[in-house]
Structure formats: C-alpha cells, structure tokens
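Dear colleague,

Please find below the structure that I am handing over to you.

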Amino acid sequence: MSTTTEAAKSAAAAPVRCQRIGCEAMFTDDNNPEGSCQYHPSAPLFHDGMKEWSCCKQRSHDFSLFLAIPGCTTGKHTTEKPVTKAVSANRPKATPVQSSKQTVGADACARCRQGFFCSDHGSQPKVQKPAANDDTSKEPVEKSLVPPPKKRIDINEPRTCKNKGCGKSYKEKDNHDSACDYHPGPAVFHDRMRGWKCCNVHVKEFDEFMEIPPCTKGWHNADAV
C-alpha cells in the first residue's frame with residue numbers, strides 16, 4: 001500500500017512544461033508560486049519583416065531574437081494553452097499597398113531587397129539570383145548537422161537547446177547527432193502567412209506556426225545564434 005502511495009505521489013510531482021508564450025519552463029503544482037512565470041499575454045504582430053509583441057511593443061527583424069525577448073507579464077505557470085492569434089499591424093491602406101507592389105520591380109521592392117520571400121516577384125526571372133543563396137544556405141544542412149559544442153561544460157548540467165523549433169532541456173552526456181529535432185532554415189512571414197523555408201510549410205495562425213514539426217535532426221546546442 002505504501003509503495004503504491006509513494007508511486008502516486010511521485011507521478012503527481014512529475015514536472016510539466018508551462019504553455020504560456022515566452023515561458024515554457026518546467027514546473028509542478030507544488031512549486032508554482034505567483035510570479036514564477038514570465039510570459040507574453042498578447043499576440044505577436046508581423047508587418048513588413050518586423051516582428052513585434054503587441055503587449056510590450058518589443059520588436060526585432062530576426063525571428064530568433066524575437067522569440068528570445070523576455071515576457072513582460074508575470075503570473076503562475078499553466079498547462080492550458082493560451083488562445084492567441086497572430087494579428088497583422090493595423091494599416092488602413094493595406095490593400096492598396098499590396099496591389100501597388102505588383103507594379104514595383106523586384107529591385108525596388110523593399111521585401112525583396114531585405115531577402116524575404118515575395119509572392120509578387122517570386123515567379124520573375126530576376127528573383128532567380130537569390131536561389132543561389134538558397135542553395136548555399138541549404139548546402140550545410142545536407143552536408144552536416146549542427147556540430148556538438150566545443151567549449152568545456154559540465155556534462156551533467158541541465159541546459160536548454162536554442163536550436164529553432166527545439167527548446168528542450170538536455171544534459172551534454174545524453175547529447176548526440178540525432179538528439180535534437182529543429183528547423184535549420186529561417187522563418188518566413190509574408191501576407192499573413194507564416195512558415196519555415198527549410199521545409200516549405202506555411203500556415204496562417206501563429207499557434208499553428210509554432211506547432212510545425214521540425215524537419216531536421218542534429219545535436220542539441222545551447223549556444224545557437
């Protein structure tokens with residue numbers, strides 16, 4: 001009877017991952033005080049290559065840096081997934097601007113010059129030049145996976161993988177060349193669509209984007225850029 005009780009207590013105390021956006025910490029019901037969770041309560045904004053948290057106005061062009069922006073609100077951890085939808089920045093003339101892009105050449109298009117995927121010029125011959133860059137960017141993925149960390153670390157120390165799409169906790173002693181599932185390619189945001197360039201999967205909702213399964217295996221990396 002005591003063995004069954006101890007097993008039940010052990011199962012009840014098993015840590016679970018917080019589902020709030022910007023947190024994802026592991027917690028238990030017995031260790032979840034008010035203020036232990038730091039998260040973003042509102043949906044993100046995506047406009048012209050800029051990513052912004054609508055709740056705290058923190059922004060970044062780089063998707064990895066955008067996800068690393070610390071939460072602006074504190075509270076308790078929860079296993080309930082927040083119902084938030086990514087919204088586009090309010091622009092009264094969004095439709096005319098979108099239609100006017102069709103008359104702008106790829107050389108003058110702000111999105112093309114910044115290196116983002118552009119559906120208006122994607123089929124034009126001039127845009128085939130970045131395809132060489134696409135090949136070079138995909139080449140390291142095909143040749144080799146993310147290399148193991150080279151600096152000295154404690155192999156028993158818990159670390160958090162910073163590869164895109166992973167974010168799991170691991171120990172270096174358990175790390176190997178197929179321990180991590182991640183996205184090697186950049187994220188693509190265009191015309192209210194979000195996706196990963198590496199696996200060519202695009203969705204409309206931010207929650208769906210965060211649930212796109214990783215397409216590559218490799219080493220966990222706590223020092224990924």
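**Aromatic residues and core**

Phe63 and Phe66 lie 3 residues apart in helix H2 and are therefore separated by about one helical turn; helices here are DSSP runs of H or I of at least four residues, and strands are E runs of at least two, numbered from the N terminus. The model is predicted, so local features need pLDDT of at least 70 and side-chain atom pairs pLDDT 80 or more, while totals for chains, interfaces and linings use all residues. Residues are numbered from 1 along each chain as its sequence is written, and side-chain values use heavy atoms, without hydrogens and water.

The rings of Phe63 and Phe66 form a tilted aromatic pair, 6.3 Å centre to centre with 35 degrees between the planes. (Rings of Phe, Tyr and Trp, the last by its six-membered ring, pair if their centres lie within 6.5 Å; planes under 30 degrees apart are stacked, over 60 edge-to-face, and the rest tilted.) Phe63 is buried at 7% relative accessible area, and Phe66 is buried at 0%; buried means under 20%, exposed over 50%, and partly exposed in between, with a 1.4 Å probe and protein chains only.

In helix H6, Phe206 and Phe209 are likewise 3 residues apart. They form a tilted pair at 6.1 Å and 35 degrees. Both Phe206, at 2% relative accessibility, and Phe209, at 1%, count as buried.

One aromatic cluster comprises Phe46, Trp53, Phe63, Phe66, Phe189, Trp196, Phe206 and Phe209.

Yours sincerely
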